[in-house]
Amino acid sequence: MLDRRQVIKASLVTLAASTGVARPTMAAAAKSNATGESSPENWVDDSTGHRIVRLSSEPGTKALYFNQNGYTPEGDILIVHSPSGISGINLATREQKPILERPNIKLLFTGRKTRRVYFTKLQPGGTDSDAEATPDKPLTIEAVDVDSGEVSDVATITRGSIASINCDETLLLGSFAEREFSLQPGSKGRDSKTGQTKYAATGPDGKPLSYADAKEVRMDDRLEAKIPMEMFTVDVANGEVKTVHRATDWLNHLQFSPTDPNLIMFCHEGPWHKVDRIWTIRTDGSDLTKIHTRMMNMEIAGHEFFAPDGKKIWYDLQTPRGEDFWLASYDQETGKRQWFHLQRNEWSVHFNVAPDESVFAGDGGNEDMVAHAPDGKWIYLFKPMPIPDVAGIKARNAADLVSPGYLDAEKLVNMEGHDYRLEPNITFTPDMKGIVFSSNMHGDPHVYMVLIDRP
């Protein structure tokens, strides 16, 4: 009798024969990578039975960071950053078209209200880290219309960088530090394929640390520098800059609520087990709120993101770090908390939630990352499974306690060939039929989509 995997494989062979779509094997993919050939356009993953489509046609194309909006308000176009500038991918036709052919720019985000894409200029040959304003080098934020290609100036700042825009596109959000700090002294630069800093450091024994541990050392150096910082908003209508919050903590991961134009979430950056990371604040500087309080040594919480309706904040929680894994949420209206448990191999660099919040996705991670997962290189789909009260009998204070559960995981994409120094940055498509991610699994970075339903 055929087992489930054999049945799936047999049906995929039939499907491939009937559609004429080739299904490259992992060996073929490895050969493509080694010879520099372009990645396949369309295949079914032998390991999972799910179809994967390459959305980008220009090598080197990447999607936005996982908590930045990359979709037009109508949900028809995915905005990506390509070596030639800004492109739009039509999710119905899967065709990539240039929106702005200007290579030296940093793509910021897509508006939630208008069909405008925001970006800043870079110096020739510059990297994203160069998109920082100084008094002698102001930074202009511009926007391009997805349909007409018309470019307009939005605002100019004289110091700092821009990280987010609010839901009604009236305020930009940014931060600046009073002095520069190099995360990698004597910088070894950035990896050309991943865009990540080439972290290096030695441990107490004088031996070189792994990439992940070296990054922790450099992050701690930056935290302990206690550089005065300021978070600010910029009024799009008149360019007025207002200070929201000042601190000597390292302020990072700034993001506006997707539904409340005056609510900001940000983090205290640094080694996660050392900082109180997740915070919210109003644009007028009021109601500064810590979202999660550590209860044990080495407990960490981070890579926070808003639910689509803006009510819940979701985050990666580990109790303690690298040992026990949860996807946790905090409801800002009720104060209620949910924790969904994951297995070690299911931990992901980033998680994300579907538009209707019925399912989640994770992009996995390699063995050198915090979970040290022996088999963690997968794109996952997660179904939340709450744990009910036994026999319907509730504790008297049940409403005040964390609601537990676990995530039922399904593997969607085998990421064996992916270098995780390039973060996949998963997002659900607005119609919830696919999950979009960036990958270098076949050499050059491209943007892909895995279909949630099997063929």
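Which strand does His 303 lie in? His 303 sits in strand 18, spanning residues 300–306; strands here are DSSP runs of E with at least two residues, helices are H or I runs with at least four, and both are numbered from the N terminus. Before going on, a word on the model: it is predicted, so local features need pLDDT of at least 70, side-chain atom pairs count only at pLDDT 80 or more, and totals for chains, interfaces and linings use all residues. Residues are numbered from 1 along each chain as its sequence is written, and side-chain values use heavy atoms, with hydrogens and water left out.

- His 303 isn't a glycine, yet its phi is positive, near 45°.
- His 303 is also buried, at 17% relative accessible area (buried means under 20%, exposed over 50%, and partly exposed in between, with a 1.4 Å probe and protein chains only).
- Met 432 is another non-glycine residue with a positive phi, about 65°.
- You'll find Met 432 in the loop between strand 26 (427–428) and strand 27 (434–439), and with a relative accessibility of 29% it counts as partly exposed.
- There's a cis peptide bond too: Thr 319 to Pro 320, with omega near 0°.
- Pro 320 belongs to the loop that runs between strand 19 (312–318) and strand 20 (325–331).

**Around Asp 316**

- Asp 316 is in strand 19, and at 2% relative accessibility it is buried.
- Leaving out residues up to four places away in sequence, Asp 316 touches Trp 272, Ile 300, Ala 301, Gly 302, Trp 326, Trp 347, Ser 348 and Phe 351 (contact means heavy atoms within 4.5 Å).
- Phe 351 is 35 residues from Asp 316 along the chain, but their C-alpha atoms are separated by 7.6 Å.
- The side chain of Asp 316 has a polar contact of 2.9 Å with the side chain of Trp 347. A polar contact is a pair of N or O atoms within 3.5 Å; within protein, one must be able to donate a hydrogen and the other to accept it, and residues adjacent in sequence count only if both atoms are side-chain atoms.
- A polar contact of 3.3 Å also joins the side chains of Asp 316 and Gln 318.

**Cysteines**

- The disulfide count is zero, where a disulfide is a pair of cysteine sulfur atoms within 2.5 Å.
- Cys 167 is buried at 14% relative accessibility, and Cys 267 is buried at 0%.

- Four antiparallel strands make an open sheet, ordered 6-7-8-9; two strands pair if DSSP finds at least two bridges between them.
- Its edges are strand 6 (105–110) and strand 9 (151–157), each pairing on one side only.
- On average, neighbouring strands in this sheet are turned by 30° against each other, direction ignored. The axes behind that angle are lines fitted to C-alpha atoms, for helices over the stretch in contact, and angles run from 0 to 180 degrees between N-to-C directions.
- Strand 6 and strand 7 (residues 116–121) run antiparallel and are joined by five bridges; Ile 105 has Lys 121 in strand 7 as its bridge partner.

**Salt bridges**

- The structure has 20 salt bridges (a side-chain nitrogen of Lys or Arg within 4 Å of a carboxyl oxygen of Asp or Glu).
- One of them pairs Asp 276 with Arg 294, with the closest N and O atoms 3.8 Å apart. Asp 276 is in the loop between strand 15 (263–268) and strand 16 (278–282), while Arg 294 is in the loop between strand 17 (289–290) and strand 18, 18 residues apart.
- Both partners are partly exposed: Asp 276 at 31% and Arg 294 at 26%.
- Glu 304 and Arg 277 form a salt bridge at 2.8 Å, N to O. Glu 304 comes from strand 18 and Arg 277 from the loop between strand 15 and strand 16, 27 residues apart, and both residues are buried.
- Arg 454 and Glu 410 meet at 3.4 Å, N to O.
- Arg 454 is partly exposed at 32%, as is Glu 410 at 26%.
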